Amino acid sequence: MLQSDFLVGSKADLQLDLHPKETEALTQLAANCRRVAVTGAGGFLGRAICERLLSAGIEVIGLARGDYPDLHTLGVKMIPCDIADSKRVSAALSGCDLVFHVASKAGVWGDKASFYLPNVSGCDNIIQACIEHNISKLVYTSTPSVTFAGVDEAGIDESAPYAETYLNYYGESKAIAEQRVMAANGRALSNGDQLKTVSLRPHLIWGPRDPHLVPRVLERARSKRLKLVGKKDKLVDTIFIANAAYAHILAANQLVKANSPCAGKAYFLSNDEPITMASMLNKILSCADLPPVTKRVPARLAYAVGALLEFVYGILGKQDEPIMTRFVARQLSTSHYFDIGAAKRDLGYQPFVSIDEGMVRLSDWLKQGA
């Protein structure tokens, strides 16, 4: 790789309020991994992982399509890279000991190619680069959407099958990628080692700096477009950003072990605090001093509107996301909470930031003018 490919800044002091469990896990990882790559480094979760790795003195290679000068100022060696570009990916990962593959195209609307190219082909490129460069540890960020078929998921565990049909290409493409990551586990490397992989399924990541869930909720509430779907409140799982990043570090530490209990497996992740969607939304709104949401739309009506909008948008070739889709209608009107016993057992995962504590942190962040 050309030295000019690295966008390196002067490393600034990281002001992270790490939990002792995080510090312990990061110290352990630093003892075994010298150079770590993070795809999607500029994203919500990718950035959180990068910052924690830097705090432990680990050299971090960040892959992202955009420009993130604040990250390279912190000390991340940023490499402009589209993960669908196999040669670029291979060059970027050379010399790494571990890869956190966080990057993906998320969303509820878009054509098949726009999801398959980054999520499936991009994942294939990451796996192939690991094999080419004898990188023996790959932590993949998946999603619970791989099992979602539009019905209640009440306390399911990893024995739940992949959905037979999907309501969008995001879940479908991530399911294919996750299965390829799991199938790659045990692949022989030229140095005599084996590739060890693990797939993590965090659900609804939120917290300070959230560019997705929190701003969308607040924007819709301020424009009077936020509504609950369905007559009955269903339980959902969420995960605070620090807990999600911590779980990824724990998974990496487990892959270091000779007989890793998590290699080749997938794990649901959450705060282990199922909460109704109404309660979660209203807690977020309270952080911004906004009134609670009370208006409701029948679930069948929301689904019908979503189907109609998808049809109209498809006919017109519109790229922007409809205000409602079939996937969103079903997501908002069904249960989504998970048994994370396997993550506790195999990864040693225990969330240390509760929903209520996380809301305090979110409120403080919003009051700072975020």
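Me: In which order do the strands of the open sheet lie, and how are they paired?

Reply: Keeping in mind that this is a predicted model, read the sheet across its strands: seven of them form an open sheet in the order S3-S2-S1-S4-S5-S7-S12, with parallel pairing. Strand S3 (77-80) and strand S12 (265-269) each have a single partner strand, so one side of each is left without a neighbour in the sheet. From one strand to the next, the twist averages 20°.

Me: How many bridges join S1 and S4?

Reply: Strand S1 (residues 35-39) pairs with strand S4 (residues 98-101) in the parallel sense over four bridges, and valine 36 stands opposite leucine 98 in S4.

Me: Which strands does helix H2 lie across?

Reply: Helix H2 (residues 44-55) lies across S1, S2, S4 and S5, and runs at about 165° to S1.

Me: Which residues of H6 are buried, and what covers them?

Reply: Buried is taken here as under 20% relative accessible area; in H6 the buried residues include Tyr170, Lys174, Glu178 and Val181, and their cover includes helix H5 (112-132), S5, strand S7 (196-202) and S12. Helix H6 (residues 169-184) reaches 22 Å from its first C-alpha to its last, close to the 22 Å expected for its 16 residues.

Me: What is found at the start of H6, and what just after the helix?

Reply: At the start, a side-chain oxygen of asparagine 168 reaches to within 3.4 Å of the backbone nitrogen of tyrosine 170, while just after H6 glycine 186 takes a positive phi of about 90°.

Definitions and conventions
Residues are numbered from 1 along each chain as its sequence is written. This is a predicted model: local features need pLDDT of at least 70, side-chain atom pairs count only at pLDDT 80 or more; totals for chains, interfaces and linings use all residues. Side-chain values use heavy atoms; hydrogens and water are left out. Two strands pair if DSSP finds at least two bridges between them. Helices (H or I, at least four residues) and strands (E, at least two) are DSSP runs, numbered from the N terminus. Axes are lines fitted to C-alpha atoms, for helices over the stretch in contact, and angles run from 0 to 180 degrees between N-to-C directions. Contact means heavy atoms within 4.5 Å. The expected span of a helix is 1.5 Å times one less than its number of residues. Buried means under 20% relative accessible area, exposed over 50%, partly exposed in between (1.4 Å probe, protein chains only). A polar contact is a pair of N or O atoms within 3.5 Å; within protein, one must be able to donate a hydrogen and the other to accept it, and residues adjacent in sequence count only if both atoms are side-chain atoms.
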